[in-house]
Amino acid sequence: MVSIRIVRILAVVGIGGIGLVGCGDNARPAVVGLGVRIVSGPSGLIRDPRPTWGFTVVGGADRVDCVIDGGLAVPCQDSFTPAGDLADGDHEFAVRATRADGDQAVDTRAFRLDDAAPAIALQAPLIPPRTSDQQPVVSFTVDDASQIR
């Protein structure tokens, strides 16, 4: 005689969160690790002195803090914009989620602020308004050549 038994299995998939794990009527709550991830906002070279980042937190954080350059931690939720303009140079944004049991999760994003456009000056001889030259040569100087391509 063949016996068939159907078993319902519930499981938690992903990083962080609360769900059910177990079989059938024996399913029980399961707490999965705390997680935080920056999901939007700048990285690399930027020009905006007051950028905004968006982030998600999973796993039941009791506190979420945002920090620029290891400075004062500021409570934040879902997104963060510095209160004032940042200075030109290298920076790091960090978001940290903490639970009462001491579990922590951190995500960071490095960026470099350069909000001053380079000054470019054409040098003589300038190209005449009308020329038959298909590839004229132009000379110039620039005060910050880091962004010339």
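## Before you start

Since this is a predicted model, local features need pLDDT of at least 70 and side-chain atom pairs count only at pLDDT 80 or more, while totals for chains, interfaces and linings use all residues. Residues are numbered from 1 along each chain as its sequence is written, and side-chain values use heavy atoms, with hydrogens and water left out.

## The overall layout

The chain has 13 strands and zero helices. Here helices (H or I, at least four residues) and strands (E, at least two) are DSSP runs, numbered from the N terminus.

Of the chain's 149 residues, 26% count as buried. Buried means under 20% relative accessible area, exposed means over 50%, and partly exposed is in between (1.4 Å probe, protein chains only). The chain exposes about 10,500 Å², with carbon and sulfur atoms supplying 53% of it; accessible areas come from the Shrake-Rupley method with a 1.4 Å probe, and for residues only the protein chains shown count as cover. Now for contacts, meaning heavy atoms within 4.5 Å. Among those between residues at least 6 apart in sequence, 48% join residues at least 24 apart.

## The nonpolar core

In soluble globular proteins, nonpolar side chains tend to be buried together. A nonpolar core is a set of buried Ala, Val, Leu, Ile, Met, Phe, Trp, Tyr and Cys residues joined through side-chain atoms within 4.5 Å. The largest one here has 18 residues, and those touching the most other members are Trp 53, Phe 55, Cys 66, Cys 76, Phe 80, Phe 93 and Val 95. The elements giving two or more residues to this core are β4 (35-40), β6 (53-58), β7 (63-68), β10 (89-98) and β11 (104-113).

Ile 68 is another residue to look up: it sits in strand β7 and is buried, at 15% relative accessible area. Leaving aside neighbours within four places in sequence, Ile 68 has contacts that include Trp 53, Phe 80, Leu 86 and Phe 93.

## One disulfide

How many disulfides are there? The count comes to one, taking a disulfide as a pair of cysteine sulfur atoms within 2.5 Å. Cys 66 and Cys 76 form it, with their sulfur atoms 2.0 Å apart. Cys 66 lies in strand β7 and Cys 76 in the loop between β8 (74-75) and β9 (79-80), so the bond ties together parts that are ten residues apart in sequence. The torsion about the S-S bond is about 85°, so the disulfide is right-handed.

Both ends are tucked away: Cys 66 is buried at 0% relative accessible area, and Cys 76 is buried at 13%. Beyond neighbours within four places in sequence, Cys 66 is in contact with residues including Phe 55, Leu 72, Phe 80 and Val 95.

## Salt bridges

Side chains of opposite charge can pair when their charged atoms come close. A salt bridge is a side-chain nitrogen of Lys or Arg within 4 Å of a carboxyl oxygen of Asp or Glu, and the structure holds seven. One of them pairs Asp 114 with Arg 47 (4.0 Å, N to O). Asp 114 is in the loop between β11 and β12 (120-123) and Arg 47 in the loop between β5 and β6, 67 residues apart. Asp 114 counts as buried at 11%, whereas Arg 47 is partly exposed at 37%.

Another joins Asp 85 and Arg 50, whose closest N and O atoms are 3.2 Å apart. This pair also links distant parts of the chain, with Asp 85 in the loop between β9 and β10 and Arg 50 in the loop between β5 and β6. Arg 99 and Asp 101 form one too, at 3.9 Å between the closest N and O atoms. Salt bridges that share partners also join Arg 63, Asp 65 and Arg 96 into one network.

## Out on the surface

Which residues form a nonpolar patch on the surface? Ile 120, Leu 122, Val 138 and Phe 140 do, with about 400 Å² of accessible area together. Patches are made of residues with over 30% relative accessible area and no salt bridge, joining like charges within 9 Å and nonpolar side chains (Val, Leu, Ile, Met, Phe, Trp, Tyr) within 5 Å. Phe 140 belongs to strand β13 (residues 139-142) and is partly exposed at 42%.
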